[in-house]
Amino acid sequence: MGNRGNELLSAVQNQQLRDRCGDMGDETVYAAVDFQNKNFCRFGKDTVILGDFNSNAKWDSSYSAGAYETFVSALNDKGIVSAYHYTRNERHGEEKTPTFYLYRQKNRTYHIDYCFCDKDKILSLEIGAYEKWRLHSDHMPLFAEIKFP
């Protein structure tokens, strides 16, 4: 980040929110992002939101009552998209490349980690290979190349 004086970096960790706010599911992450948008900054061309969301569109109907799709739709309305879905032209909930391996097992995979930003700023997004990263974490790293002026 440059020295423009208008950057805000914020990390939201789902378990900490659950400890403070009770078990409201993944909506705590979305609520925290919404709170930041309303109270600290307005999402715009330089906004980047990334991390482990513990959520996916395919779980909305039974798990979180549409929270993920509502969240993605609200970001899309502001011109902010998932770098993974944009670069691969895949629909949310139909991801071919997982980011999470439950118990580090190759047959228990999910896509729950995301990088959201302005689509015009996305140069590339790669997901770390299971064989290289499984000893380090059950989540694969996201490598995003994003252009800033």
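Colleague: How does D46 count at 33% relative accessibility?
Modeller: This is a predicted model. Buried needs under 20%, exposed over 50%. At 33%, D46 falls in between, so D46 counts as partly exposed.

Colleague: Which residue forms a salt bridge with D46?
Modeller: D46 sits in the loop between α2 and β1. Its partner is 75 residues apart, in the loop between β5 and β6 (122-127). The closest N and O atoms are 3.3 Å apart, and the residue is K121.

Colleague: How many residues apart in sequence are the parts that K45 and D118 tie together?
Modeller: K45 forms a salt bridge with D118, with the closest N and O atoms 3.0 Å apart. K45 lies in the loop between α2 (27-39) and β1, D118 in strand β5 (residues 113-118), so the pair ties together parts whose separation is 73 residues.

Colleague: Which residues are linked with K45 in a network of salt bridges?
Modeller: One is D118, which counts as buried because its relative accessibility is 6%. The network holds K45 plus D118 and D120.

Colleague: Within what arc do the buried residues of α4 fall?
Modeller: In helix α4 (residues 67-77), the buried residues are A67, Y68, F71, V72 and L75. Seen down the axis, they line one face of the helix, because they fall within an arc of 130°.

Colleague: Which exposed residues does the face of α4 turned away from its buried side carry?
Modeller: Exposed means over 50% relative accessible area. On the face turned away from the buried side, the exposed residues are T70 and D77.

Conventions: Residues are numbered from 1 along each chain as its sequence is written. This is a predicted model: local features need pLDDT of at least 70, side-chain atom pairs count only at pLDDT 80 or more; totals for chains, interfaces and linings use all residues. Side-chain values use heavy atoms; hydrogens and water are left out. Buried means under 20% relative accessible area, exposed over 50%, partly exposed in between (1.4 Å probe, protein chains only). Helices (H or I, at least four residues) and strands (E, at least two) are DSSP runs, numbered from the N terminus. The arc is that of the directions from the helix axis to the C-beta atoms. A salt bridge is a side-chain nitrogen of Lys or Arg within 4 Å of a carboxyl oxygen of Asp or Glu.
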